[in-house]
Amino acid sequence: GVTDPDEQGIRGGLIDDPLNDNGKQQAQDAKEYLKDKHIQFVISSDMDRAQETAETIRPDKDRYVDKNLRPWDVGVFAGKPHAQYKEEFDHFINHPSVPIPDGESMEQFSDRMSNVFDKYIEFARQHGPSLVVTHSKNFTQFKKRVEFKNEFKKPVDEDKVNEGGIMVILDEDGVLKCEIVYNRGDGK
């Protein structure tokens, strides 16, 4: 779900901002959307906003917390306005192997997401439907992984899951398919 800095256009990164009222409503909306799904396990980022979302959606399930599900560590850009530092930040998008000072490179983030994605796909194949509560940029990486896209450019809108959104990954006879089914409570 969304936080105050998200709505103010400020990069969160590893700053542990809580859900705001809109984010809490998004978590409630996600709970309603997921109520009839047969979720067996809940896995969450260790960031407070993800844990609060997971607790809202499935308070009846034990939760496994994994710090590898944290968002992209944007280092020195955390807590700074997107617009004010766009040009400097874009340098790291355009040079994905270059680490952000005090953070990680886009390649490092992508590799981390690829590893954690593989881990939880295998987990779900063995144990049943699983809910993974993580961060919006992480889903973009998951979607690229399913679609075998090894690219680092900015994602197009149909590859994004906004805060409060839900993406489903289905295993259809060993072939993974990805679909954004709910995007920031907008009904799309």
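**Close-up views of a predicted model**

View 1. Phe-77 is buried, at a relative accessible area of 6%, while Tyr-85 is partly exposed, at 23% relative accessibility. Both rings belong to a cluster linked by ring pairs, made up of Trp-72, Phe-77, Tyr-85, Phe-89, Phe-92 and Phe-109.

**View 2. Charged ends over rings of the cluster.** Stay with the cluster for a moment and look at Phe-89 and Tyr-85, which are among its members. Over the ring of Phe-89 sits the charged end of Arg-11, 3.5 Å from the ring centre. Tyr-85 has a charged end over its ring too: that of Lys-80, at 5.1 Å from the centre.

**View 3. A pair of phenylalanines within helix 6.** Here the rings of Phe-139 and Phe-142 form an edge-to-face pair, with centres 6.1 Å apart and 85° between the planes. These two residues share helix 6, which covers residues 136-146, and they are three residues apart, about one turn of the helix.

View 4. How many of the eleven residues of helix 6 are buried? Nine of them are, so the helix is largely enclosed by the rest of the structure. Among these buried residues are Ser-136, Asn-138, Thr-140, Gln-141, Lys-143, Lys-144 and Val-146, together with the two phenylalanines of the previous view, Phe-139 and Phe-142. Just after the helix comes Phe-148, which takes a positive phi of about 55°.

**View 5. Helix 5 packed against helix 6.** Two packed helices are described by the angle between their axes and the distance between the axes. Helix 5, residues 106-127, packs on helix 6 at about 70°, and the axes are 9 Å apart. The angle makes helix 5 roughly perpendicular to helix 6. The crossing of these two helices is right-handed.

**View 6. Helix 2 crossing helix 3.** The axis of helix 2 comes within 8 Å of that of helix 3 (residues 48-57), and the two cross at roughly 40°. That makes helix 2 oblique to helix 3, and their crossing is right-handed. Look for Glu-32 in helix 2, which spans residues 21-34. Glu-32 is partly exposed, with 48% relative accessibility. Although Glu-32 and Ile-57 are 25 residues apart in sequence, their C-alpha atoms are 7.9 Å apart in space.

View 7. Strand 1, residues 41-44, is joined to strand 2 by three bridges, and it pairs with strand 3 over four bridges.

View 8. Which residues of strand 3 make up its covered face? They are Leu-131 and Val-133, whereas Ser-130 and Val-132 make up the uncovered face.

**View 9. Two aspartates with positive phi.** Asp-102 is not a glycine, yet its phi is positive, at about 65°. Find Asp-102 in the loop that leads from helix 4 (86-94) to helix 5. Is Asp-102 buried or exposed? Asp-102 is exposed, with a relative accessible area of 70%. Asp-173, not a glycine either, has a positive phi of about 55°. Asp-173 lies in the loop between strand 4 (166-172) and strand 5 (175-182), and it is exposed, with a relative accessible area of 81%.

Note on methods: Residues are numbered from 1 along each chain as its sequence is written. This is a predicted model: local features need pLDDT of at least 70, side-chain atom pairs count only at pLDDT 80 or more; totals for chains, interfaces and linings use all residues. Side-chain values use heavy atoms; hydrogens and water are left out. Two strands pair if DSSP finds at least two bridges between them. Buried means under 20% relative accessible area, exposed over 50%, partly exposed in between (1.4 Å probe, protein chains only). Rings of Phe, Tyr and Trp (its six-membered ring) pair if their centres lie within 6.5 Å; planes under 30 degrees apart count as stacked, over 60 as edge-to-face and the rest as tilted. A charge sits over a ring if NZ of Lys or CZ of Arg is within 6 Å of the ring centre and within 35 degrees of the ring normal. Axes are lines fitted to C-alpha atoms, for helices over the stretch in contact, and angles run from 0 to 180 degrees between N-to-C directions. Angles under 35 degrees count as roughly parallel, over 145 as roughly antiparallel, 65 to 115 as roughly perpendicular and the rest as oblique. A crossing is left-handed if the near helix is turned anticlockwise from the far one by less than a right angle, and right-handed if clockwise.
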